[in-house]
Amino acid sequence: MQLQIHTDRHIQSDARLAEFVRDTLNSKLNRFTDHLTRIEVHLGDENGQQKRDSSDKRCLIEARFEGRDPVAVTSHAATVGQAISAAAEKMQRKLSSAVGKLRNKHSRVGHSAPLIEAEAG
């Protein structure tokens with residue numbers, strides 16, 4: 001699985017940030033890694049230098065699930081770390097839901113045959 005981290009000009013990208021993102025995503029999404037081809041993380045400070053709102057840090061996570069359309073979530077928080085953690089939790093719930101729906105769909109398809117076969121007469 002590929003991990004790409006993108007930051008705007010107001011968020012400093014460094015090895016410590018990359019490690020935090022990687023560790024957070026691994027802890028929340030590790031059970032889905034066999035099915036994910038790529039995760040993109042976009043970090044931004046929506047107000048830049050202006051400090052009007054305390055929840056101006058944004059984290060958008062886009063996950064590319066094998067054979068499915070990409071799934072994206074966004075979270076806003078006071079700090080970049082909080083935004084990343086909250087977005088990772090949202091993505092975990094979203095992927096769990098998607099996997100559950102797939103399992104239900106496949107189980108219904110597998111049981112679509114009649115339970116009692118008609119006798120040939």
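K57 lies in strand β3, which spans residues 57–65; strands are DSSP runs of E of at least two residues and helices runs of H or I of at least four, numbered from the N terminus. The model is predicted, so local features need pLDDT of at least 70 and side-chain atom pairs pLDDT 80 or more, while totals for chains, interfaces and linings use all residues. Residues are numbered from 1 along each chain as its sequence is written, and side-chain values use heavy atoms, leaving out hydrogens and water.

K57 counts as buried because its relative accessibility is 13%, where buried means under 20% relative accessible area, exposed over 50% and partly exposed in between (1.4 Å probe, protein chains only). The K57 side chain makes polar contacts with the side chains of D45 at 3.5 Å and D56 at 3.2 Å. A polar contact is a pair of N or O atoms within 3.5 Å; within protein, one must be able to donate a hydrogen and the other to accept it, and residues adjacent in sequence count only if both atoms are side-chain atoms.

E62 is also in strand β3 and is buried, because its relative accessible area is 18%. Its side chain is joined to that of R64 by a polar contact of 2.6 Å. Leaving aside residues up to four places away in sequence, E62 touches R38, I39, E40, P70, V71, A72 and M91, contact meaning heavy atoms within 4.5 Å.

C59 touches residues including V41, L43, V73 and A87, with residues up to four places away in sequence not counted.
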